[in-house]
Amino acid sequence: MAQFIKIYEENPNPKDIKKVVDVLRSGGLVIYPSDTVYALGCDITNKNALERVALLKGVKLEKANFSFVCEDLSNLSDYVKQIDSATFKLLKRALPGPYTFILPGNNNLPTVFKKKKEVGIRVPDNSIARALVRGLGNPIISTSIKDEDEVIEYTTDPELIFEKWEKLVDLVIDGGYGGNIASTVIDLTGAEPVLIREGKGSLEI
């Protein structure tokens, strides 16, 4: 059964963050709060954990469109091809924030994603999410947790999330009520930005 840990966003307790990071390092799956909806994540470098996430989402790992959650833009060059200054300025204005930006991937992508030409980058405006990435030392692969109820779409109550996921994941963070609007997805791989999904993020960035 999964652990259930209360962490306050205003001042995340380093001991609690370390507990979660230890679970991620050991290949565990974690449900954590972001600046949009609650998300399921694992260590980007752990293939077994990545396969577990893909299995839970019912997708093939090689074809999965998971986001790379970073602490800030300094992780970008690890996985993204060099971008022009206009793109970088746009990212700097928008992040941290409720956006997923599709960017051209480089040759350093984890082996399972080698065939992908693009990656979705997230830097959430949530101190718990960013503290986890900082503690881990590399990005977290992340995907929103959908609700089976089409009317609700996203569950916002961490206790209800725990009830549903306690046998499927290793740890659930209670970071307070989550949102129910997903991130705005913008494709920056072409000459002009293209809106893929309108979500929480403002389009005037």
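Contact here means heavy atoms within 4.5 Å. This is a predicted model, where local features need pLDDT of at least 70 and side-chain atom pairs count only at pLDDT 80 or more, while totals for chains, interfaces and linings use all residues. Residues are numbered from 1 along each chain as its sequence is written, and side-chain values use heavy atoms, with hydrogens and water left out. Helices (H or I, at least four residues) and strands (E, at least two) are DSSP runs, numbered from the N terminus.

**How H1 and H5 meet**

- Two packed helices are described by the angle between their axes and the distance between the axes.
- For helix H1 (residues 14–25) and helix H5 (residues 127–136), the axes come within 9 Å and cross at roughly 60°. Those axes are lines fitted to C-alpha atoms, for helices over the stretch in contact, and angles run from 0 to 180 degrees between N-to-C directions.
- That makes H1 and H5 oblique to each other. Angles under 35 degrees count as roughly parallel, over 145 as roughly antiparallel, 65 to 115 as roughly perpendicular, and the rest as oblique.
- The H1–H5 crossing is right-handed, a label used if the near helix is turned clockwise from the far one by less than a right angle, with anticlockwise being left-handed.
- On the H1 side you'll find Ile17, Val20, Val21, Leu24 and Arg25, and they meet Ile128, Ala131, Leu132, Gly135 and Leu136 in H5.
- Sorted by type, the residues of this H1–H5 contact come out as eight nonpolar, one polar and one charged. In this scheme Ala, Val, Leu, Ile, Met, Phe, Trp, Tyr, Cys and Pro count as nonpolar, Asp, Glu, Lys and Arg as charged, and the others, Gly among them, as polar.

- A word on terms: buried means under 20% relative accessible area, exposed over 50%, and partly exposed in between (1.4 Å probe, protein chains only).
- Helix H2 (residues 47–57) buries Ala49, Leu50, Val53 and Ala54. Looking down the axis of H2, these buried residues fall within an arc of 140°, so they line one face of the helix. The arc is that of the directions from the helix axis to the C-beta atoms.
- Over on the other side of H2, Asn48 and Leu55 are exposed.
- What the buried residues of H2 pack against is strand E3 (39–43) and strand E7 (140–144).
- In H4, the buried set is Thr87, Leu90, Leu91 and Ala94. Viewed down the H4 axis, they fall within an arc of 95°, so they line one face of the helix.
- Ser85, Lys89, Lys92 and Arg93 are exposed on the other side of H4, while its buried residues pack against helix H3 (76–79) and E5.

**A cis proline**

- Pro96 sits in the loop between helix H4 (85–94) and strand E5 (99–104).
- The peptide bond from Leu95 to Pro96 is cis, with omega near -5°.

**Buried residues to look at**

- Gly105 lies in the loop between E5 and strand E6 (118–122). Its relative accessibility is 6%, so Gly105 counts as buried.
- Not counting residues up to four places away in sequence, Gly105 touches Tyr79, Val80, Lys81, Lys117, Glu118 and Val119.
- Ser142 is in strand E7 and, at 7% relative accessibility, counts as buried.
- The C-alpha atoms of Ser142 and Phe66 are separated by 5.6 Å, though the two are 76 residues apart along the chain.
- Again leaving out residues up to four places away in sequence, Ser142 touches Tyr32, Ala39, Leu40, Gly41, Phe66, Ser67 and Val69.

**The loop between E7 and H6**

- Asp147 belongs to the loop between E7 and helix H6 (158–165), and at 22% relative accessibility it counts as partly exposed.
- Setting aside neighbours within four places in sequence, Asp147 is in contact with Ile152, Glu153, Tyr154, Thr155 and Lys164.
- Ile152 is found in the loop between E7 and H6 and is partly exposed, with a relative accessible area of 44%.
- Ile152 and Asn180 are 28 residues apart along the chain, and their C-alpha atoms are separated by 8.1 Å.
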